[in-house]
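Student: Hey, I've got a new structure to look through. Can you walk me through it?

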Amino acid sequence: MRKDFVYLASASPRRSELLRQIGVPFRVRPAAIPEEIRPGEAPDAYVLRLAAAKAATVWGAGGEGEARPVLAADTAVVLGDRVLGKPADAAQAEAMLADLSGRTHRVLTAVAVHTADGAEMLLSASEVRFRATTAAERRAYCATGEPYDKAGGYGIQGRAAVFVEHLQGSYSGVMGLPLYETATLLARHGIEFWLDTVAAA
């Protein structure tokens, strides 16, 4: 199996940015899979299942000559026992942000690497506390368009950084690709990082 680059099973520009940060050559090959949580499924089991499914989908789509490692990830924002997905519209985004206001939530990101030997996964868990926000702030943030492709309706690396009072855990994990866990999995499978040349996505 060739390891001159990995397939990234995600169209997320943030995940691409983070892989470039640690010098991993990659090409983007998104995986389209249903992302509904199953009845009674725990949030950590949910993100682990989706990360593994994304990696397996892309791995299975390649021919024998295309056999290269596949890296996939999935992120969930969890408030209490609720998993907050990606908001469909402004009203839903504002409601999510109102729920997060002045409270601590968890961000779970599962990472999977799929090779000829199968899939291996790791889970990153972080806690994020938002300061109290006003309805006007939430409306203004939603008007930027930033919340709509992000779990929980916010991006910690973007304008929503001003809402974050405290973070315990992995900043890159909250962004969507925890680099400690990612590098650990890549190293276990003989995939190098800190390389200067990154394959064009």
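Student: Which residues are buried in helix α3?

Tutor: In α3, which spans residues 90–100, the buried ones are Ala-93, Met-96, Leu-97 and Leu-100. Buried means under 20% relative accessible area, with exposed over 50% and partly exposed in between (1.4 Å probe, protein chains only). Helices (H or I, at least four residues) and strands (E, at least two) are DSSP runs, numbered from the N terminus. Before we go on: this is a predicted model, where local features need pLDDT of at least 70, side-chain atom pairs count only at pLDDT 80 or more, and totals for chains, interfaces and linings use all residues. Residues are numbered from 1 along each chain as its sequence is written, and side-chain values use heavy atoms, leaving out hydrogens and water.

Student: Why do the buried residues of α3 line one face of the helix?

Tutor: Looking down the axis of α3, its buried residues fall within an arc of 95°, so they line one face. That arc is taken from the directions from the helix axis to the C-beta atoms.

Student: What covers the buried residues of α3?

Tutor: The cover includes β3, β4 (82–84), β5 (104–115), β6 (118–130) and α4 (135–143).

Student: And what's at the two ends of α3?

Tutor: At its start, a side-chain oxygen of Asp-89 comes within 3.3 Å of the backbone nitrogen of Ala-91. After α3 comes Gly-102, with a positive phi near 70°.

Student: OK, over to α1. Which of its residues are buried?

Tutor: α1 covers residues 13–21, and Arg-14, Arg-15, Ser-16, Leu-18 and Leu-19 are buried there. They pack against several elements, among them β1 (6–8), β2 (26–28) and α2 (43–61).

Student: Which residue caps the N-terminal end of α1?

Tutor: Ser-12 does, with a side-chain oxygen 3.2 Å from the backbone nitrogen of Arg-14. Just after α1, Gly-23 has a positive phi of about 70°.

Student: How many residues line the largest pocket?

Tutor: There are 33, and Arg-15, Thr-75, Lys-86, Asp-149 and Ala-151 lie nearest its centre. β3 gives the most to this lining, five residues.

Student: Now Arg-68. Is Arg-68 buried or exposed?

Tutor: Arg-68 is buried, at 6% relative accessible area. You'll find Arg-68 in the loop between α2 and β3.

Student: Which side chain does Arg-68 make a polar contact with?

Tutor: The side chain of Asp-4, at 2.9 Å. A polar contact is a pair of N or O atoms within 3.5 Å; within protein, one must be able to donate a hydrogen and the other to accept it, and residues adjacent in sequence count only if both atoms are side-chain atoms.

Student: What about Pro-69?

Tutor: Pro-69 is in the loop between α2 and β3, and at 1% relative accessibility it counts as buried. Pro-69 and Met-1 are 68 residues apart in sequence, with their C-alpha atoms 8.0 Å apart.

Notes: Contact = heavy atoms within 4.5 Å. 1 Å grid on protein atoms, 1.4 Å probe; cavity = no way out; pocket = protein on both sides within 12 Å on 5 of 7 lines; lining within 4 Å.
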